[in-house]
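Welcome, and thanks for taking a look at this one with us. Please open the model and keep it in view as you read.

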Amino acid sequence: VPISGAERGWLALDQALVVAQREGSALHGFHVVRSRSNGDARRALAVQAEFDRRCQAAGVEGRLVIEVGPVARTICQRARWTDLVVASLAYPPARGLPGKLQSGFRTLVHHCTRPVLAVPQVSPLSRALLAFDGSPRAREALYLATYLAGRWRVPLAVVTVVEPGRASPATLEAALAYIAAHGVAAQAVEAHGSVSDAILQAAADQQADLLIMGGYGYSPMWEAMLGSAVDALLRESRRPMLICK
């Protein structure tokens, strides 16, 4: 969990504590400082104290590491020793090519080797919606959604936005068959139209408070030029969004 120390930055920790409680897992906090000056050191100690307080209150084992360095790159390096990155979504990718290419969150999702849980606001994670288009990254999301629904015993819905040459009703049926084979029930939603709009509507209809989907399918430059449902959802959704590699 990257922790900035700003008020919104604590949302990621609070959401990660929910996950850690469900999984019985340890939590690794990460705080980046610009330098080793006395001012930065004092702020880091304050972050350390608040991190420890929240972990203890939640009954979760936690450890905070403080480092100097580029935020996104250092997070990606540390993610290799964890299962999940939970990050506050304070600044989603902006519209337009320059804004997309300069987005630190976009860089994190593209280069991180682990799933990323983007947190615009904290959720109890009580109902999940999987967006499935049959792509390799969507299949990773399918595997994780099936695990979470079974392990956490939360209702799961699967939405496939039918697009010629990309996803069809058979795509949705394949996902449902995989889920059922693992003893998990899921609600099917076949949708049409704009991918991001259809997913948001399905989330509202299903009262989902967690979105699960695959990540970017192209290089950062191609994704920025072609547009991406991931970017649109990061901008528009107020639900935590689990993005799989």
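Here is a short tour of a pocket, a strand and the nonpolar cores. Do keep in mind that the model is predicted.

**The largest pocket**
- The largest pocket holds about 780 Å³ of space.
- Its lining is made up of 33 residues, and Ala26, Thr82, Asp83, Leu84 and Val85 are the ones nearest the centre.
- By class, 24 of the lining residues are nonpolar, four are polar and five are charged.
- Among the elements that each supply at least two lining residues are helix 1 (10–23), strand 1 (27–33) and helix 6 (136–152).

**Strand 9 and its neighbours**
- Every residue of strand 9 (residues 241–244) is buried, with Met241 and Ile243 pointing one way and Leu242 and Cys244 the other.
- In a regular strand, side chains alternate between the two faces of the sheet.
- Strand 4 (residues 116–119) pairs with strand 9 in the antiparallel sense through three bridges, and valine 116 has isoleucine 243 as its bridge partner.
- Strand 8 (residues 210–214) runs parallel to strand 9, joined to it by four bridges; here isoleucine 212 is partnered with leucine 242.

**The nonpolar cores**
- The largest nonpolar core has 43 residues, and Leu27, Leu130 and Ile212 touch the most other members.
- Helix 1 is the biggest contributor to this core, giving nine residues.
- Leaving aside residues up to four places away in sequence, isoleucine 212 touches residues including Leu129, Leu130, Leu148, Leu242 and Cys244.
- Another core, of 34 residues, lies apart from this one and includes Leu89, Val159, Val189 and Ile199.

Methods
Residues are numbered from 1 along each chain as its sequence is written. This is a predicted model: local features need pLDDT of at least 70, side-chain atom pairs count only at pLDDT 80 or more; totals for chains, interfaces and linings use all residues. Side-chain values use heavy atoms; hydrogens and water are left out. On a 1 Å grid over the protein atoms alone, a cavity is a set of points where a 1.4 Å probe fits but cannot get out, and a pocket is an open set with protein on both sides within 12 Å along at least five of seven lines; lining residues have an atom within 4 Å of a point. Grid points are joined across faces, edges and corners, and a volume is the space filled by probe spheres set on the points. Ala, Val, Leu, Ile, Met, Phe, Trp, Tyr, Cys and Pro count as nonpolar, Asp, Glu, Lys and Arg as charged, and the others, Gly among them, as polar. Buried means under 20% relative accessible area, exposed over 50%, partly exposed in between (1.4 Å probe, protein chains only). Two strands pair if DSSP finds at least two bridges between them. A nonpolar core is a set of buried Ala, Val, Leu, Ile, Met, Phe, Trp, Tyr and Cys residues joined through side-chain atoms within 4.5 Å. Contact means heavy atoms within 4.5 Å.
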